[in-house]
Amino acid sequence: MDFFQLVLFSFLTVTGGSLASSVKIVRQGDEAIVEMLGKYDGKKLEPGLTLLIPFIEQVAYKQTLREQILEMRPIQCLTLDRISLTANFLVYWRLTDIEKAYYKVQNLKDAMMNLLILDIRTEIAKLEIEEMFNARERLNQALVERLDVATEPWGVKITRVEMMDFAIGNKLTYEGAKTPAKSLNAVGIR
């Protein structure tokens, strides 16, 4: 009788544990992708309670569909008139297609961050320093348009880009950039 009770207890424990792990709750505003034996067949979990087939189905990726903020570290940039500046930006974004966000890019946030840095530097390089004070809205709008097109294949919608502030660094003049190294050494700059 002791052996039978041990087997029954083990069976109930394994069955109860697998049944409990197969119950998934997705919160309002979130979505999840389910893979069956490692393959995605189009099943997504929407908000609410869902029962998955134990050991066969598993949640591969879960993410919010709400708008998110991507805080960026300060970015070093050069303007059209070769003035160095440091700019701070906030980027507001949301997922439009969780399937693309998971299967079309390896690491979504890193890919977005690298793309943002490149596009911000490109847009700032088109402006002179005097324009930076007045062109904030134009710069933000140009970045939204460029980034929204670039991130669409990843299932991401860039809703807003806001330049919080910028600090002007040291000025690099065009003539100074063309100065040969010998003349810099003669002045004492190495």
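Student: How many salt bridges are there?

Tutor: The count comes to nine salt bridges, where a salt bridge is a side-chain nitrogen of Lys or Arg within 4 Å of a carboxyl oxygen of Asp or Glu. This is a predicted model, in which local features need pLDDT of at least 70, side-chain atom pairs count only at pLDDT 80 or more, and totals for chains, interfaces and linings use all residues. Residues are numbered from 1 along each chain as its sequence is written, and side-chain values use heavy atoms, with hydrogens and water left out.

Student: Which side chain does Lys 100 meet in a salt bridge?

Tutor: Its partner is Glu 152, at 3.4 Å from N to O. Lys 100 lies in helix H2 (residues 98–103) and Glu 152 in the loop between helix H5 (136–151) and strand E9 (156–171), so the pair ties together parts that are 52 residues apart in sequence. Helices (H or I, at least four residues) and strands (E, at least two) are DSSP runs, numbered from the N terminus.

Student: Turning to Lys 157, what does it pair with?

Tutor: Lys 157 forms a salt bridge with Asp 148, at 2.9 Å from N to O. Lys 157 is partly exposed, at 29%.

Student: Which residues are linked in a network?

Tutor: Salt bridges link Asp 119, Glu 123, Lys 126 and Arg 146 in a network.

Notes
Buried < 20%, exposed > 50% of the residue type's maximum accessible area, 1.4 Å probe, protein only.
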